[in-house]
Amino acid sequence: MAGIIAPSILSADVTKLGEDVTLVEKAGAKYLHIDLMDGSFVPSMAYGPAWVKQLRPMTNLFLDVHLMAVHPENHVQALADAGADLIGVHVEATPHIHRVLQMIKKAGVKAEVVINPGTPVSAIVPVLSMVDQVLVMTVNPGFGGQAFLPEMTDKIKELMVYKKELGLDFDIEVDGGINNETAKLTADAGANVFVAGSYVYDKKDPAAKVQTLLDVTK
Ligand code: DX5
Ligand code: ZN
């Protein structure tokens with residue numbers, strides 16, 4: 001089965017965001033990855049609930065919100081009300097990851113836990129049974145266009161072992177430096193959801209890039 005492609009609007013053209021979204025939807029992407037950055041958990045700032053709310057009625061794509069913020073609990077309800085389908089929360093961003101995941105589920109939204117490159121898989125084992133998806137960051141979060149960290153593929157393999165041992169069925173998403181080569185590498189390790197920002201949007205023909213990602217993750 002081909003992977004789920006999640007173009008990241010961080011690299012899209014905000015002056016024609018609608019067109020950029022429609023283009024990847026028609027090309028076969030299933031998710032739209034929306035990065036919320038607070039300028040504190042990560043140095044940069046990006047998209048909040050108002051963007052999710054405006055995007056919701058104009059696409060059928062699954063809205064995959066990656067929350068990079070301190071006090072993530074402050075944003076859960078607003079994102080759910082805005083129409084997020086999934087909210088991903090960093091384990092490093094809160095001493096209460098279990099409670100925040102409970103909040104997300106209670107809000108009727110799919111829940112994801114996210115780990116930075118410096119965080120081991122063992123940090124999220126206690127919450128694996130609560131989540132629909134795990135996001136393994138393959139760059140340090142905050143910016144598009146960074147180089148993929150190859151050693152992160154070991155974490156995907158480790159998660160696959162936990163999935164089997166614990167009988168769980170969460171999806172495994174990767175985010176950062178994903179292109180035709182790294183998508184294949186991470187797919188082979190067990191990832192099935194692929195975020196791609198600069199690879200899809202920076203140069204010509206985002207639709208062709210989505211098609212390539214679909215092909216290499218089969
Ligand atoms: C980085 C973001 C990513 C970003 C990825 O912190 O979480 O979603 O858009 O960009 P690329 O695909 O260019 O590495
Ligand atoms: Zn992201």
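A polar contact is a pair of N or O atoms within 3.5 Å; within protein, one atom must be able to donate a hydrogen and the other to accept it. In this predicted model, such a contact of 3.2 Å joins the side chains of Asp 175 and His 66.

Both residues carry an annotation. An unreviewed UniProt entry places the feature "binding site" at His 33, Asp 35, His 66 and Asp 175. These positions are spread over 143 residues of sequence, yet they cluster in space, with a largest C-alpha distance of 10.7 Å. Asp 35, His 66 and Asp 175 are included in the lining of the largest pocket.

| Residue | Strand | Relative accessible area |
|---|---|---|
| His 66 | E4 (residues 62–68) | 0% |
| Asp 175 | E8 (residues 171–175) | 8% |

His 66 counts as buried because its relative accessible area of 0% is under 20%. Asp 175, at 8%, is buried by that cut-off too.

Around His 66, the contacts include the annotated residues His 33, Asp 35 and Asp 175. His 66 also touches Ile 34, Leu 36, Gly 88, His 90, Val 114, Leu 135 and Met 137. Around Asp 175, the contacts include His 33, Asp 35 and His 66, which UniProt lists under the "binding site" feature. Asp 175 is also in contact with Leu 135, Val 136, Met 137, Thr 138, Val 139 and Val 195.

Note on methods
Residues are numbered from 1 along each chain as its sequence is written. Chains are lettered from A and ligands numbered from 1 in the order in which they are written. This is a predicted model: local features need pLDDT of at least 70, side-chain atom pairs count only at pLDDT 80 or more; totals for chains, interfaces and linings use all residues. Side-chain values use heavy atoms; hydrogens and water are left out. UniProt positions are given in the numbering used here, feature names are shortened, and annotations may be inferred rather than shown by experiment. On a 1 Å grid over the protein atoms alone, a cavity is a set of points where a 1.4 Å probe fits but cannot get out, and a pocket is an open set with protein on both sides within 12 Å along at least five of seven lines; lining residues have an atom within 4 Å of a point. Helices (H or I, at least four residues) and strands (E, at least two) are DSSP runs, numbered from the N terminus. Buried means under 20% relative accessible area, exposed over 50%, partly exposed in between (1.4 Å probe, protein chains only). Contact means heavy atoms within 4.5 Å. Lists of a residue's contacts leave out its neighbours within four places in sequence.
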